[in-house]
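Please look through the sequence and the model shown below before reading on.

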Amino acid sequence: MAPILAISGITKQYGGLVAVNDVSFDVEEGEILSVIGPNGAGKSTLFKLIASFVKPTRGEVRFRGERISGLAPHTVARKGVVRTFQETTIFKGMTARDSVIIAHHLRSKAGLAGFYLGTAAARRDEATFGRSADEILEFLGLRAAANEIASNLPQGSLRALGVAIGLAANPKILLLDEPFAGMNHDETRRAVEMTRAVRDRGVTLLLVEHDMAAVMKISDRIVVINFGAKIAEGTPAEIQKNEKVIEAYLGVEDETIGV
Amino acid sequence: MTRPARLATLAIFLLAVFVAVPFVIGLTGRTDFYYTLSSVALLAIASGGVWLTFYIGRINIGQGAYALMGGYVSAILVVRCGFSFWISLPLAGAFCAAASVLIGLPILRLRGVYFAMVTLVLTEVVRLLAMALSITNGAKGMVSIPSPGPISLFGLTIVPSFDRFAERNEAFYYLSVTIMCLCFAALYRLVNSRVGRLFVALQQNEELASSMGLNVPALRVLAYSISSFFGGIGGAIFVAIAQSIYPSSFTVADSVNFMLNCFLGGLGYVFGPMLGTLVLYFGWDLLFQAGQYQLLIYSGVMIALMLILPNGLLSIRPMSWRKRGRPLVWRRS
């Protein structure tokens, strides 16, 4: 089967600094693929490149065979490639439910003028969005938080809200930005379960993550990058045994502590 | 507020504007107030536009540019092309909206103080343009602009020519407040529809909004062009009242005042700019007694108000009203 997302030779240069260097890999439909790497390896830049929030210097990203790099972020989202943000990027003054309803906008059948005039199609859309938002909030365990102002929510709920907002846009592939960062063991376990449940809804997942343990548990495949370049790709078991990966994660540290 | 309460408030407001004010003016014979209150209504329309740009998270100090532009477009159409004022009015608004799309596309990419600085320059640019062009008659301005003529539909005169009114300013008062009510009704509907919630989404986080597929640049330009439409309409009627327009008819100081009207009334409330304009306009005039201290007291009071009531005058409301109020508080980005 053709991959849902094909990243080929993608490169991003900021002046003399090469943040991402000639990275290629495919994401298959229905899998959970994680991109990992040490701090400063270029994970975040790669993430922005895929979601088209940053234009590549060279190379391209194809979604179901169609080139998406260089398109505006909202156009890419419309096609079904939706990214989430870390918990600081939310609509602070809105309730969780309102944020999720807004995020349904892509699915609307009525135009802006229709919403302004309150046509029948617009009212149907509003009702559909409301029901769907309630379903998504329930699914992610946010029902109790639905009518809270987002800025009052605890960190864990904010992460879930980020995923809820992403799901509302009806993605084919959802890009998660460090979904387990800063979580304790228990929170991570719940977030891992939630991530699996999202995949079971038929959404392909691409994670950029730091937390090795969680990544090993959840991923079908893992891509490892270091200094902007891909150094390994494979199943969690293969990655754990990979010499280059061990060196990248442990080698430098060994030297500094003099082992 | 509940629906009946809202309707009652609306009815009281309309009665006050269309019945009570003319009655009191007729009783006291202070017909000069027709002119003053027309000015307040027109400035409120322009401020309402500025308020909408605040609503998408942009500080707009350039509404004077569009008021001036609208005024000139109407004046040129009436004087040089022989158009009726009534046709020139929507055309002036449309011209400003179209111009603001071209201007807005590049400058709306800027945020915070950078956008504010560019809009501040905009008023000056339009003023200098009016000085330089021949169609605007340069620094001499355009004078003796004819009053609005009659509106007839199927041979039936709906609005008589403004020259036939005994009190010309009374006719302009009704015109100004009617247009103001229409503009604010349109604005209220906008903010309370889904379009308004999309604007709030832009105000709160443009990146997140684009991640969910909202066409952020297009929505920003939409809000800005509606804002400029209001500016153009306000300016065009102003010129019709004054029957003249000069490059200095709207200056940077006016642009700043439009913004202050919004701050004073409250950025979270659609009707904030209306109240803000009224209070600021009369506040300034009342302070005239203070002579040389007028500006000192005025700016001191403004600073104090912003510190004590950061969400504007309309944030002082009975608790029962506040419960159903929008949770939105304008956030500096």
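Two residues are said to be in contact if their C-beta atoms, placed from the backbone, lie within 7 Å. Helices (H or I, at least four residues) and strands (E, at least two) are DSSP runs, numbered from the N terminus. This is a predicted model, in which local features need pLDDT of at least 70 and side-chain atom pairs count only at pLDDT 80 or more, while totals for chains, interfaces and linings use all residues. Residues are numbered from 1 along each chain as its sequence is written, and chains are lettered from A and ligands numbered from 1 in the order in which they are written.

**A helix of chain A**

Helix α7 of chain A runs over residues 185-200, and its end C-alpha atoms lie 23 Å apart, which agrees with the 22 Å that its 16 residues should span at 1.5 Å a residue; the expected span is 1.5 Å times one less than the number of residues. A residue is called buried if 20 or more other C-beta atoms lie within 10 Å of its own, exposed if 12 or fewer, and partly exposed in between. In α7(A) the buried residues are A191(A), T195(A) and V198(A). Because they cover an arc of only 60 degrees around the axis, they are on the same side of α7(A), the arc being that of the directions from the helix axis to the C-beta atoms. Exposed on the other side of α7(A) are H185(A), D186(A), E193(A) and D200(A).

The cover over the buried residues of α7(A) includes the following elements of chain A:

| Element | Residues |
|---|---|
| β3(A) | 32-36 |
| α6(A) | 155-168 |
| β7(A) | 173-177 |
| β8(A) | 204-209 |
| α8(A) | 212-218 |

After α7(A) comes G202(A), with a positive phi near 95 degrees.

**Chain B and its contact with chain A**

The contact between the chains takes 25 residues from chain A and 24 residues from chain B. On the side of chain B that touches chain A, α6 (168-192), α7 (194-204) and α8 (206-211) of chain B each supply at least two residues, and the largest share, seven residues, comes from α7(B).

An automatic or database domain assignment divides chain B into domain 1 (1-30) and domain 2 (31-250). The centres of these two domains of chain B, taken over C-alpha atoms, are 25 Å apart, and five residues of domain 1 of chain B are in contact with six residues of domain 2 of chain B.
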